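Welcome! Here is a short briefing to read alongside the sequence and the 3D view.

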Amino acid sequence: MLNETRAEHPGPPVTSSSTTTPAASQAVGGPPRPDGSLGPVGLVLAGGVSVQFGAAVAVNLMPRAGALGVVTLRLLAAAVVLLLFCRPRLRGHSRADWSTVIVFGITLGAMNGLFYQALVRIPLGAAVTLEVLGPLALSVLASRRAINALWAALALAGVFLLGGGGFGDLDLVGVAFALGAGAMWATYIVFSARTGQRFPQADGLALAMAVGALLVLPLGVAESGSRLFDPVTVGLGAAVAMMSSVLPYTLELLALRRLPASTFAILMSLEPALAAAAGFLVLGQTLSVVQVSAIALVIAASMGAVRTQVGRGRAKVPAPAPEA
């Protein structure tokens, strides 16, 4: 996974004086372009696809470096790439700016660490399904419209169906780690948006990634030791970082500048569906009728949430006055 957004409703970002979002520019210059509302959605979907292919590489890497070792390599490589590319300015930021980016970094480290600990104990599909419950809960709590609760309920039914309809046979520690990752995911959504408002471009993300990397580094070294310095392991870790951290987090941060947190949270319910599709295309895993039905439910819920939000945005734009 905000200049101060309202705590009770992490909705559309409020741009700062130093950063003008595309949405803000449209509001000043006139009605939004027809494709403007779909841009953030495409960013989120592209990020989700990248995450799932990165997860396939990470699963193959875990026997070589361990769960915390993979997280360490992923965050370190991502931090180095982002810091070199963005070269964020360290001066001129307020205490609130630094507090936001530090919390964002802690969230990044915790979210990744908890999720990979879950993958050690329970299957990927179940872990992703449980993790998605965090963003779904955020979407219900953040929304002020009853219709969004309906979309969230539909998506929730889909992710549970995709997970086999129950989790009674799963390792309870793994379930707890996955739920913890879900809570961190919801927190990530909030603080990613806040960071995007307080820092230009992806500067805040680069700084937060460095904070997260420093947080997990001692844990990764303690678990994996010298295995972290194996050239093949480092190369695979860099690939995981690009596919699962640098690209998706950057796309999501940019999307959250134009997409309300509640809508973004429901879009995250597509992750189990993307994982199932990646498994079919890359690993040759077939989909049952139940799984296809689950994916359909999740996609329907996500499309409904997006259409609801787009409709609200268009309703708020006044029609242009007729020319004299």
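The notes below go from the whole chain to a few of its details.

This is a predicted model, in which local features need pLDDT of at least 70, side-chain atom pairs count only at pLDDT 80 or more, and totals for chains, interfaces and linings use all residues. Residues are numbered from 1 along each chain as its sequence is written, and side-chain values use heavy atoms, with hydrogens and water left out.

**The whole chain**

- The protein chain has twelve helices and zero strands; helices (H or I, at least four residues) and strands (E, at least two) are DSSP runs, numbered from the N terminus.
- Read from the N terminus on, the elements run α-α-α-α-α-α-α-α-α-α-α-α.
- Of the 324 residues in the protein chain, 50% are buried. Buried means under 20% relative accessible area, exposed means over 50%, and partly exposed is in between, with a 1.4 Å probe and protein chains only.

- Helix α3 covers residues 67–86, which is 20 residues. From its first C-alpha to its last it reaches 28 Å, close to the 28 Å expected at 1.5 Å a residue; the expected span is 1.5 Å times one less than the number of residues.
- Arginine 87 has a positive phi of about 45° although it is not a glycine.
- With 69% relative accessibility, arginine 87 counts as exposed.
- Leucine 90 is also found in the loop between α3 and α4, and leucine 90 is exposed, at a relative accessible area of 54%.
- In sequence, leucine 90 and leucine 207 are 117 residues apart, yet their C-alpha atoms are 9.0 Å apart in space.

**Salt bridges**

- Side chains of opposite charge can pair when their charged atoms come close.
- A salt bridge here is a side-chain nitrogen of Lys or Arg within 4 Å of a carboxyl oxygen of Asp or Glu, and by this rule there are two salt bridges.
- One of them joins the side chains of aspartate 230 and arginine 64, at 2.7 Å from N to O. Aspartate 230 lies in the loop between α8 (203–224) and α9 (231–256) and arginine 64 in helix α2 (residues 39–65), so this pair ties together parts that are 166 residues apart in sequence.
- Both ends of that pair are partly exposed: aspartate 230 has a relative accessible area of 28%, and arginine 64 has 35% relative accessibility.
- Another salt bridge brings together the side chains of aspartate 97 and arginine 198, at 2.6 Å from N to O. This pair links distant parts of the chain, with aspartate 97 in helix α4 (residues 95–121) and arginine 198 in helix α7 (residues 172–198), 101 residues apart.
- Aspartate 97 is buried, with a relative accessible area of 9%, and arginine 198 is buried too, with 12%.

**How α2 and α9 meet**

- How do the axes of α2 and α9 cross? They come within 8 Å and cross at roughly 160°. Axes are lines fitted to C-alpha atoms, for helices over the stretch in contact, and angles run from 0 to 180 degrees between N-to-C directions.
- α2 and α9 are therefore roughly antiparallel to each other, a term for angles over 145 degrees.
- The crossing of α2 and α9 is left-handed, meaning that the near helix is turned anticlockwise from the far one by less than a right angle.
- Residues of the contact of α2 with α9 divide into 21 nonpolar, six polar and one charged. Ala, Val, Leu, Ile, Met, Phe, Trp, Tyr, Cys and Pro count as nonpolar, Asp, Glu, Lys and Arg as charged, and the others, Gly among them, as polar.

Notes: Angles under 35 degrees count as roughly parallel, over 145 as roughly antiparallel, 65 to 115 as roughly perpendicular and the rest as oblique.
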